[in-house]
Amino acid sequence: VVRRDGDGKPLRMAGTNLDITERKHAESKLFEHDQRLKLALELAGMVSWDWDVATDKFVWNDDPQRLLGPEPDGGYPDRKQMVHPEDLAEFVRAGSESLRSGEAYRSEFRTRRTDGQIVWIAARGRPVKDARGAGTRMIGVSQDVSEVKQAEQALRESEARFRSLTDLSSDWYWEQD
């Protein structure tokens, strides 16, 4: 409004119109891409995350309930508090080494969900460095791999039973191809 009457009512306006067709098209493509990414992460059972090293703030970009259990009042505990104590040192070492070297972060560890269940998590990430080459952030994904770990354990136990049986057996044992 550039002019008003004596009662303050607008009499004249000035402005411009801007063609935002390209921006709207780009926003639409970005929205579609975001929806495809969310679906892919959900179908893979993955959750993406972003860790700010300086503040030690860890942000889940998706709903982490499938990994961490229901979110308690006040939010999830610090991720280091959720990692199984036997796996914590390796968890921290892998993150520090990735930030130092710039190489991809890879770690598998047990974590206690908010419902008390222990699950195995495979985490993969990539450090983001500043102009001086210092790791300032890490962005990645995490996935529940408990079923794979249980299958590996069952296979190890089965192989151990088989070895035990062959060690105790007085019969001959051989394989032929």
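This is a predicted model: local features need pLDDT of at least 70, side-chain atom pairs count only at pLDDT 80 or more; totals for chains, interfaces and linings use all residues.
The largest nonpolar core holds 17 residues, among which Tyr105, Phe109 and Met138 touch the most other members. Two or more residues are given to this core by each of the elements E3, helix H2 (65-68), helix H4 (85-101), strand E5 (105-112) and strand E6 (118-129). The surroundings of phenylalanine 109 illustrate how these parts meet: when residues up to four places away in sequence are not counted, phenylalanine 109 touches Val83, Asp87, Phe91, Val119, Trp120, Ile121 and Ala123.

Across the whole structure, the search finds four aromatic pairs. One of these joins tryptophan 49 and tyrosine 105 in an edge-to-face arrangement, with 6.3 Å from centre to centre and 80 degrees between the planes. This pair links distant parts of the chain, since tryptophan 49 belongs to strand E3 and tyrosine 105 to strand E5, 56 residues apart. Tryptophan 49 is buried, at 4% relative accessibility, and tyrosine 105 is likewise buried, at 5%. An edge-to-face pair is also formed by phenylalanine 91 and phenylalanine 109, with their centres 4.7 Å apart and 70 degrees between the planes. Because phenylalanine 91 lies in helix H4 and phenylalanine 109 in strand E5, the pair ties together parts that are 18 residues apart in sequence. Phenylalanine 91 counts as buried at 9% relative accessibility, and phenylalanine 109 is buried with a relative accessible area of 7%.

Trp49, Phe58, Trp60 and Tyr105 form one aromatic cluster. Within this cluster, tryptophan 60 is placed in strand E4 (residues 57-60) and, at 22% relative accessibility, counts as partly exposed. Leaving aside neighbours within four places in sequence, tryptophan 60 is in contact with Val47, Ser48, Trp49, Leu67 and Leu68. The C-alpha atoms of tryptophan 60 and arginine 106, which are 46 residues apart along the chain, are separated by 17 Å. Serine 48, one of the residues in contact with tryptophan 60, lies in strand E3 (residues 46-52) and is buried at 14% relative accessibility. Apart from residues up to four places away in sequence, serine 48 touches Leu41, Val59, Trp60, Asn61, Asp62, Gly140 and Val141.

Turning to charged side chains, the search of the whole structure finds 16 salt bridges. In one of them, glutamate 27 is joined to arginine 23, the closest N and O atoms being 3.2 Å apart; these two residues are four residues apart in helix H1 (residues 21-44) and are therefore separated by about one helical turn. Both partners count as partly exposed, glutamate 27 at 37% relative accessibility and arginine 23 at 46%. Lysine 38 and aspartate 34 also form a salt bridge, with 3.5 Å between the closest N and O atoms, and both lie in helix H1, four residues apart, about one turn of the helix. Lysine 38 is partly exposed, with a relative accessible area of 41%, as is aspartate 34, with 31%.

A further salt bridge brings together the side chains of aspartate 130 and arginine 132, at 3.1 Å from N to O. Here aspartate 130 is partly exposed, with a relative accessible area of 25%, whereas arginine 132 counts as exposed at 73% relative accessibility. Elsewhere, salt bridges that share partners join Asp56, Asp78, Arg79 and Lys80 into one network. A charge also meets an aromatic ring, as the charged end of lysine 149 sits over the ring of tryptophan 120, 4.6 Å from its centre.

Methods:
Residues are numbered from 1 along each chain as its sequence is written. Side-chain values use heavy atoms; hydrogens and water are left out. A salt bridge is a side-chain nitrogen of Lys or Arg within 4 Å of a carboxyl oxygen of Asp or Glu. Buried means under 20% relative accessible area, exposed over 50%, partly exposed in between (1.4 Å probe, protein chains only). Contact means heavy atoms within 4.5 Å. A nonpolar core is a set of buried Ala, Val, Leu, Ile, Met, Phe, Trp, Tyr and Cys residues joined through side-chain atoms within 4.5 Å. Rings of Phe, Tyr and Trp (its six-membered ring) pair if their centres lie within 6.5 Å; planes under 30 degrees apart count as stacked, over 60 as edge-to-face and the rest as tilted. A charge sits over a ring if NZ of Lys or CZ of Arg is within 6 Å of the ring centre and within 35 degrees of the ring normal.
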